There are 2 protein chains.
Amino acid sequence: MPKNALYAQSGGVTAVINASAWGVIEAVRAHPAHFGTCYAARNGILGVLEEEILDLDEEDPLTLAALRHTPGGAFGSCRFDLGDPQTHRAQYERLVEVFRAHDIGYFFYNGGGGSMDTAAKVARIGEEMGYPITAVGVPKTIDNDLGATDACPGFGSAAKFIATSVRETSLDVESAHTTSTRVFILEVMGRHAGWLAAAAALAQEYDGRPPMLILFPEVPFDKAHFLTHLQMAIHTHGYCVVVAAEGLKNPDGSLFSVAQSHDIYAYTQLGGVAPRLAELIRTETGHKLHWSVVDYVQRAARHLASRVDVEQAYAVGRAAVEGVVAGHRSFMPVIRRESQQPYRWSVGHVPLDQVANVERGLPPEYISPDGFGITAACRDYLRPLISGEDYPPYENGLPCYPRIRGVLRAQRCPQLRADEL
Amino acid sequence: MPKNALYAQSGGVTAVINASAWGVIEAVRAHPAHFGTCYAARNGILGVLEEEILDLDEEDPLTLAALRHTPGGAFGSCRFDLGDPQTHRAQYERLVEVFRAHDIGYFFYNGGGGSMDTAAKVARIGEEMGYPITAVGVPKTIDNDLGATDACPGFGSAAKFIATSVRETSLDVESAHTTSTRVFILEVMGRHAGWLAAAAALAQEYDGRPPMLILFPEVPFDKAHFLTHLQMAIHTHGYCVVVAAEGLKNPDGSLFSVAQSHDIYAYTQLGGVAPRLAELIRTETGHKLHWSVVDYVQRAARHLASRVDVEQAYAVGRAAVEGVVAGHRSFMPVIRRESQQPYRWSVGHVPLDQVANVERGLPPEYISPDGFGITAACRDYLRPLISGEDYPPYENGLPCYPRIRGVLRAQRCPQLRADEL
């Protein structure tokens, strides 16, 4: 009897992570000789520890297929990293207990760099704990900062939303600037990497409009330099769009704005770069301005998904399963760019250890010499990732995003005490 | 020889104001016996005063037709209200001078309540200054606060964007809430009227998900009451979405948050309700949260326009012209709801004086008894306004929004001195 497969989602979700889920589920079901049943853990690895195993056979097949166009994390996500096997042995014993109880032999973990570390740790359970488990990572992050892959599923759709919103709002500012708003500030996500901020530049047309200054986390914020360029843009065009990454840093390396220094999982929650910039610009230049912080709106905007992104998200889900069938273990599927013009891509795979905890920032050669824009090479890299539309179905004017029923399998292990791990 | 027509845009623009422009231009051109050439003023009434008259015959016909799907104000907008004819006679003399120089007999002004006041004042030029001019208003505002019309073009599309974004981001929060974000705050526009905030409720499905608290400008903010309901929602569902109008007020009537008290045109620029609410919730409950201020993004989001809204915007543009042909003067076309189920509408018209400076807030019977939601009557009213999609064409992954060339007619009047009006 083949072992069962378990799929789970981790970290910040994206507009297309569920397309990867569907890719995994569909592919597992297409290989009954290799896999038993496909289950999903609720809330990522936490759901394994807490033995919350969702029975996908209880779901309407149409709902599962609709995952391809449904944003959010249908099975629940978590911010939780497994500890070191030496110091947190109880965690691994518990994982084995739950895996064994549900006869899980395959674990597919859909997440970013931190989640790949967790997947890599699960992959070592076989050798360290004697329970045979094949762990595979499925890439996902709007930040586009995973190593070894040409692009990260989730990024292209967020990038498309940002570039579209910049194009649209800039027309608004352009029509208003004579007697009203001259500066529009859009704050986008990106703690360490400026990929999403860079995508805003795609909104610029051949004639360089709209005038735009991008503030990357990779480029220390130089107030005087920025204000000079802002005034120049306004002098020339009458208005300017400023796109700022949430992770913008001061010259001393501190964050330009920190909303909350610490939370329980030691992540820093950022936000508020735009209002701080607004205050600065208002004080120093007197220009009338508007600002926006799109936050989750940018990463959940499935209504404007990039078709390439949806297809790649689905493809890495399938490739994770098919790689296992082909005999691979402890790997993560990656997107490879086969050709730039026309854009062609394929799916390869790399060892999990190569991507765990790796962060890939915007390379210096992708940032223009003045520090406020992108180079032609960056534009060439980004453009295909936002291409194509993939509209969800609509009902009563709103996209239809069916929810899974979420039926849990009966628990077979002793309940976890809160202090146990 | 028939007199020429002049079209102009005023106030905050919308995703569909250019559809009205196209309706006016197309209809004027369809009635050569009634109208000479169709011109547009740059930057609204200011462009008339400054004699910036755009020659639309210089535009590519495809670009003009593309106005139907292009957001922003293609001809430039302004925030400028004409003064009282008794005290600002120079303004009216200048208008007559420019109208006469370009043989303008018809003035179509596309704007909100304040702009209808300007249109009404222009309409009186004939009797007060002896220069015959027919002035017609074309309704537009995302705030949906114009009187006498069932809906305001621009509102439906912004409402659709807000409801869609709430549905999408709520799925994000739902998947995150176990170990991370439990509250998501979305700040939407709406200085005095809660129509846009109300539209967020359309994102709720039959089962009441997502849990949502709406903070209307019409309902004084009661901190304790709000926090109690927030904690109840989180206790029941694990998370909550808070939608706050920028015009939220304290019990004493002051604004919950004012970004900038005054600007040169005496409008108050709001913003920052979401970060202030975030601070309050974080301090009082400790819940992890995210917040977003969509600002211009919501009103420029042509990529997600409501088809009904686009059609109504186009229809009021055409009706403005056709009303003139039918012999009406000094009026504004309005949308009339003929039938609720199925939704059917027609275009009527009302005198400009009836809509100038009128603001229509959310009626009390549209707000649920607890003050945080909408009633079934409000839902019935709102639902058809966001229905249907009307996607713009895309190129390289982004919507195509062609710009007009903007060729100015030769000036025939003496130049205006800055201090003259």
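A:Ala148 lies in the loop between strand E5 (134-139) and helix H7 (155-176) of chain A, where helices (H or I, at least four residues) and strands (E, at least two) are DSSP runs numbered from the N terminus. The model is a predicted one, in which local features need pLDDT of at least 70 and side-chain atom pairs count only at pLDDT 80 or more, while totals for chains, interfaces and linings use all residues. Residues are numbered from 1 along each chain as its sequence is written, and chains are lettered from A and ligands numbered from 1 in the order in which they are written.

**Backbone features in loops**

- Although A:Ala148 is not a glycine, its phi is positive, at about 70°.
- With 18 other C-beta atoms within 10 Å, A:Ala148 is partly exposed; a residue is buried if 20 or more other C-beta atoms, placed from the backbone, lie within 10 Å of its own, exposed if 12 or fewer, and partly exposed in between.
- A:Asn396, found in the loop between strand E14 (394-395) and strand E15 (398-399) of chain A, likewise is not a glycine and has a positive phi, of about 55°.
- A:Asn396 counts as exposed, because it has 11 C-beta neighbours inside 10 Å.
- Most residues other than glycine have a negative phi, and most peptide bonds are trans.
- In chain B, a cis peptide bond with omega of about -5° joins B:Arg209 and B:Pro210, and B:Pro210 is found in the loop between helix H8 (195-199) and strand E7 (212-215).
- Another cis peptide bond, with omega of about 5°, joins B:Gln341 and B:Pro342, the latter placed in the loop between strand E12 (331-339) and strand E13 (344-351) of chain B.
- In chain A, A:Pro342 has its place in the loop between strand E12 (331-340) and strand E13 (343-351), and A:Pro342 is exposed, with 7 other C-beta atoms within 10 Å.
- The C-alpha atoms of A:Pro342 and A:Ser77, which are 265 residues apart along the chain, are separated by 36 Å.

**The contact of chain A with chain B**

- The contact takes 63 residues from chain A and 63 residues from chain B, two residues being in contact if their C-beta atoms, placed from the backbone, lie within 7 Å.
- On the side of chain B that touches chain A, at least two residues each come from helix H7 (155-176), helix H10 (273-285), strand E11 (289-293), helix H11 (296-300) and strand E15 (398-399) of chain B, and the largest share, 12 residues, comes from H7(B).
- By class, this side of chain B has 26 nonpolar, 23 polar and 14 charged residues, where Ala, Val, Leu, Ile, Met, Phe, Trp, Tyr, Cys and Pro count as nonpolar, Asp, Glu, Lys and Arg as charged, and the others, Gly among them, as polar.

- The axes of helix H9 (residues 223-237) of chain B and H10(B) come within 12 Å and cross at roughly 70°, the axes being lines fitted to C-alpha atoms, for helices over the stretch in contact, with angles from 0 to 180 degrees between N-to-C directions.
- The residues making this contact are B:Leu227, B:Leu230 and B:Gln231 of H9(B) and B:Ile281, B:Glu284 and B:Thr285 of H10(B).
- A:Ala200, A:Val243, B:Ala200 and B:Val243 touch the most other members among the 296 residues of the largest nonpolar core, a nonpolar core being a set of buried Ala, Val, Leu, Ile, Met, Phe, Trp, Tyr and Cys residues joined through C-beta atoms within 7 Å.
- Not counting residues up to four places away in sequence, the residues that B:Val243 touches include B:Val166, B:Leu186, B:Ala200 and B:Ile214.
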